[in-house]
Amino acid sequence: MKRRRAVVIGGGLGGLASGARLGAAGWDVTVCEAGPKFGGKMNTWSKDGFTFDTGPSLITMPWVFRDTFAAAGARFEDHVELLPLDPICEYRFDDGTRFDYGAQLPDWLATLRRIAPGDVEGFFDFMNLGARMFEVSEATFFRRSPFERPSPGEWRAMRHVPLRRGWGNYRKAVDHFFQSPHLRQLFSRYPTYVGSSPYSSPATLAVIPYIEYAFGGYAVSGGLYKIVEGLVAVARGLGVELRTNAKVACIETKNGAAVGVELVSGERLTADVVVVNGDAECTDSLLGKAPRKFRSRSMSGFVQLFGLRKPLAGIREHTVCFSSDYKREFAHIFDEHRFPDDPTVYVNAPGAGDTLFVMANAPGDTDASTVWNTAAVAEARRRVFERLRLGGFPDFQSDIMVEDVWTPARLETAYLTPGGSIYGSDSHGWRNAFLRPSNVNSDVRGVYHVGGTTHPGGGTPTVLMSAAIVARQIGERER
Ligand SMILES: Cc1cc2nc3c(=O)[nH]c(=O)nc-3n(C[C@H](O)[C@H](O)[C@H](O)COP(=O)(O)OP(=O)(O)OC[C@H]3O[C@@H](n4cnc5c(N)ncnc54)[C@H](O)[C@@H]3O)c2cc1C
């Protein structure tokens, strides 16, 4: 029987994972990546002996990664060594308070009893809310699109739906469970994992801190890019054709169905199905239609990478230096569409501690290429260093040997994501959080969507879940 052909547009995590899954299912697959390297936002940068991850620095839900490799007939552990983080992070606040968010419950409870004894019960209640959301999501949202008919098992999972606090505003839920201003700021941070503001997101996102605490946060020995390298090796082993510098100009259709793609080089590839891993907002353009814009886009990042002459002493692998006024910071980003005056700064110092990944949230809905000029970059850098100074970081500027900066404008150009927004639509309000672009294109038969800008959403594990959903949907629909 003639093998059927799939073209995947984009070699990000979602494109590679869906390519590998389809290859294992017997499809002839070609993955076309516009850029010079695979991995998309999960990427790497090297100079003068220093190597940095430029995107993710923490992963959760390790079983999703194992399942992805297993579906392609491989063992995740043969490619990637996960390193559990403990503490998960050190938090530093504007008033000088600092503490570790320990991964072991006894350690964390000791800290809680010291810093906010009245919030111990609130912590467990908040985690319970997240746990119930997880039980529902794991059986439903993480496995299929809300547009598919639920199975009996999924209906049964609905008994976990938290009726109280689960459907209100995220920040209000945090304020209900915690009295300590430090814990309120800490647990408000989690919607930023999907590029959103705690002041506008639904409380259902309490599933994120629960997942991180219950199942752990992980780094990867040798850097997170090992996950991309592993997937590339597995996909190649299955005969998947992987092409870089292969930007797709358009999806070709006939009688309302996809029949192939045309690259910007003019080359044409025929296909029975086309899987779009690029930003879902760009699919209409690929189909020759006027693009339908997302109502509001998730945040971007202002990332600086520093290779130091000597390791920075006394810092944890993950540190967050919180701004003095979290509400104002998100108002600057989402209401005023500008880089905050006082950004919260996240520092990742993997391994020996001589390579630093320093990130602050930035708007992902501006005309990034005009906003991020030289003066804006210099000013953002000054604000980041000021926050690090206030957070008690030693001044390491004279020890910088190599450095690189990733602005929203650079993210936009490198990964073809409008505004440099990292997660597509934001998760503000119930509709944005749960009715994300479907994995099946409703206009053109044979076109599918995979990745963080589609269902179930952004972040590495959910991207891999979307690849599982797409591969299953293709298996069911394209017989
Ligand atoms: C700075 C930063 C920090 C992050 N931190 C974390 C973290 O700690 N933990 C976590 O889980 N997640 C994190 N993320 C998010 C995570 O990296 C993304 O959710 C995930 O990698 C997205 O994968 P994807 O497959 O959806 O898409 P992308 O990575 O966006 O890949 C899409 C690919 O499609 C290509 N493409 C687009 N259009 C075309 C076309 N026409 N032709 C050919 N190719 C095309 C693009 O070039 C791109 O390579 C972070 C991201 C960034 C940028």
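This is a predicted model: local features need pLDDT of at least 70, side-chain atom pairs count only at pLDDT 80 or more; totals for chains, interfaces and linings use all residues.
**Entry: the ligand shell**

I began with the shell around the ligand, whose residues divide into 16 nonpolar, 18 polar and 3 charged.

Residues are numbered from 1 along each chain as its sequence is written.

How many residues surround the ligand? I found 37, the closest being G10, G12, G40, G278 and G451.

Next I looked up the elements involved. α1 (13–24), β14 (300–308), α14 (408–415) and α16 each supply at least two shell residues. The largest share, 3 residues, comes from α1. Helices (H or I, at least four residues) and strands (E, at least two) are DSSP runs, numbered from the N terminus.

**Entry: domains**

I listed domain 1 (5–82 + 222–294 + 436–477), domain 2 (122–215) and domain 3 (296–419) for the protein chain. These bounds come from an automatic or database domain assignment.

Why does the ligand lie between domain 1 and domain 3? Both domains give residues to the shell around it, so it lies between them.

I then turned to domain 2 and domain 3. Their C-alpha centres lie 27 Å apart. In this pair, 10 residues of domain 2 are in contact with 10 residues of domain 3 (contact: C-beta atoms, placed from the backbone, within 7 Å). The side of domain 2 that touches domain 3 divides into 2 nonpolar, 7 polar and 1 charged.

**Entry: the core**

I looked for the largest nonpolar core and found 129 residues in it. L16, V274 and V275 have the most contacts inside this core. Helix α16 (residues 460–477) gives the most to the core, with 9 residues. Such a core is a set of buried Ala, Val, Leu, Ile, Met, Phe, Trp, Tyr and Cys residues joined through C-beta atoms within 7 Å.

Leaving aside neighbours within four places in sequence, V275 is in contact with A6, V8, I9, S18, Y448, V450 and V470.

**Entry: strands**

I followed β6 (residues 89–92) to two partners. It pairs with β7 (residues 98–101) in the antiparallel sense over 4 bridges. Pairing here needs at least two DSSP bridges between the strands. C89 stands opposite Y101 in β7. The hairpin of β6 and β7 has 5 residues between the strands, and G96 in the turn has a positive phi of about 95°. With β15 (residues 318–321), β6 pairs in the parallel sense over 3 bridges. There, Y91 has V320 as its bridge partner.

I also checked β3 (residues 44–47) and β4 (residues 50–53), which pair in the antiparallel sense over 4 bridges. T44 stands opposite D53. Their hairpin has 2 residues between the strands, and D48 takes a positive phi near 45°.

**Entry: A103**

Last, I located A103 in the loop between β7 and α3 (105–115). Is A103 buried or partly exposed? A103 is partly exposed because 17 other C-beta atoms lie within 10 Å. The cut-offs are 20 or more for buried, 12 or fewer for exposed, and in between for partly exposed, with C-beta atoms placed from the backbone. Beyond four places in sequence, A103 is in contact with P84, L85, D86, P87, I88 and G216.

Notes: Two residues are in contact if their C-beta atoms, placed from the backbone, lie within 7 Å. A residue is near a molecule or strand if its C-beta atom, placed from the backbone, lies within 6 Å of it. Ala, Val, Leu, Ile, Met, Phe, Trp, Tyr, Cys and Pro count as nonpolar, Asp, Glu, Lys and Arg as charged, and the others, Gly among them, as polar.
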